[in-house]
Amino acid sequence: MTLAWTTLLLSFLLAAAACQAMQPPLRQPRLDGRIVGGVETTIEEYPYQISLQRSYHMCGGSLIGERVVLTAAHCVDSSTTFSAKVRIGSTRKETGGVLVPIKRVHRHPKYNSQIIDYDFAVLELEQYNATSITQAFVQLPEQNDDIDDGTLVTISGWGNTQNWEESDVILRAVIVPKVNQTQCNEAYTGSITDRMLCAGLREGGKDACQGDSGGPLVAQGKLWGVVSWGYGCARPEYPGVYSRVASVRDWIASVSGI
């Protein structure tokens, strides 16, 4: 290859690389989360918190009634009944409490994995001895009920913390405000449906974002949201997106009796 051709090819490659660098990054929804910017806590503080596990922690969830868990649809599939269990009553995700088999999985029939809509699943658990563990059931809102923008909500879980000094072995929690639905929809360019709610700080730094999916978003003693998705974790201008429990309250009642 002549020097002229080599120079021309090099110029072309450099130009292509520069052009590529100028392109905005693809913004893909992240289906799982981590407690970022939170603090260590205990199961006594959040006795409804559970860990959905195979041989490892996969997702969070909430006890909403006797042997009934609410989690995210993207955390489960048809094989979950046979291969997964739920750890209840432990501050640590890998030990303690009781590990309970799953009897039946109800994924919301309208769950859409493409846009992560109707991201809900109800798990029926097998019998277990609850007398020796810490547990409680979190209350649910009424159908189509809501909380005001700016309301402080609490998210908890065992997800990655993005900080090597902060262990994800111990349950963690973070408090952030609920974000206005219109503002959140603008941030996510029209991707927010009526089955979703948003929470987070405009400046970022605190969020639920791997391993926290399916976990609880609680305010005023009620479970308003299920950790669902977002663009990155704790990023400025992109609040976390949660499945809005009040939007499917009637469905939860129909499959769980609660």
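Author: Happy to; here is a short tour, from the overall picture to single residues. The model is predicted, with local features needing a pLDDT of at least 70 and side-chain atom pairs counting only at pLDDT 80 or more, while totals for chains, interfaces and linings use all residues. Residues are numbered from 1 along each chain as its sequence is written, and side-chain values use heavy atoms, with hydrogens and water left out.

Reader: Thanks! What is the average pLDDT of the protein chain?

Author: The average is 83, and 76% of the residues score at least 70. The pLDDT is the predictor's confidence in each residue, from 0 to 100.

Reader: Where does pLDDT stay under 50?

Author: Residues 1–28 stay under 50, and the model gives them eight contacts beyond four places in sequence. A contact here means heavy atoms within 4.5 Å. Residues 30–34 also have a pLDDT below 50, and that stretch has 36 contacts in the model beyond near neighbours in sequence.

Reader: Okay, and how many helices and strands are there?

Author: The protein chain has four helices and 16 strands. These are DSSP runs numbered from the N terminus: helices are H or I with at least four residues, and strands are E with at least two.

Reader: What share of the residues is buried?

Author: Of the 258 residues in the protein chain, 51% count as buried. Buried means under 20% relative accessible area, exposed means over 50%, and partly exposed lies in between, using a 1.4 Å probe and protein chains only. The accessible surface of the chain is about 12500 Å², and carbon and sulfur atoms account for 52% of that. Those areas come from the Shrake-Rupley method with a 1.4 Å probe, and for residues only the protein chains shown count as cover.

Reader: Let's pick a strand. Is β10 mostly covered or mostly open?

Author: Mostly covered: β10 spans residues 152–157, and five of its six residues are buried.

Reader: Which strands does β10 pair with?

Author: β10 pairs in the antiparallel sense with β11 (residues 172–179), over six bridges. Another antiparallel pairing joins β10 to β14 (residues 216–219), over two bridges. Strands pair if DSSP finds at least two bridges between them.

Reader: I clicked on Gln49. Where does Gln49 sit?

Author: Gln49 is in strand β4, residues 49–53. Its relative accessible area is 1%, so Gln49 is buried.

Reader: What does the side chain of Gln49 make a polar contact with?

Author: The partner is the side chain of Ser156, at 2.6 Å. A polar contact is a pair of N or O atoms within 3.5 Å; within protein, one must be able to donate a hydrogen and the other to accept it, and residues adjacent in sequence count only if both atoms are side-chain atoms. Leaving out residues up to four places away in sequence, Gln49 also touches others, including Ile43, Trp158, Leu171 and Pro216.

Reader: And Tyr46, where is Tyr46 found?

Author: Tyr46 is in the loop between β3 (39–40) and β4. Apart from neighbours within four places in sequence, Tyr46 contacts Thr41, Thr154, Ser156, Leu171 and Ala173.

Reader: Why is the pair of Tyr46 and Tyr48 edge-to-face?

Author: Because the planes of Tyr46 and Tyr48 stand at 85°, with the ring centres 6.2 Å apart. Tyr188 and Trp229 are another edge-to-face pair, 5.0 Å centre to centre with 65° between the planes. Both Tyr188 and Trp229 are buried, and together with Tyr238 they form one aromatic cluster.

Reader: Last one: what is the phi of Asn144?

Author: Asn144 has a positive phi of about 65°, although it is not a glycine. Asn144 lies in the loop between β9 (121–125) and β10, and counts as exposed because its relative accessibility is 61%.

Note on methods: Phe/Tyr/Trp six-rings, centres within 6.5 Å; stacked < 30°, edge-to-face > 60°.
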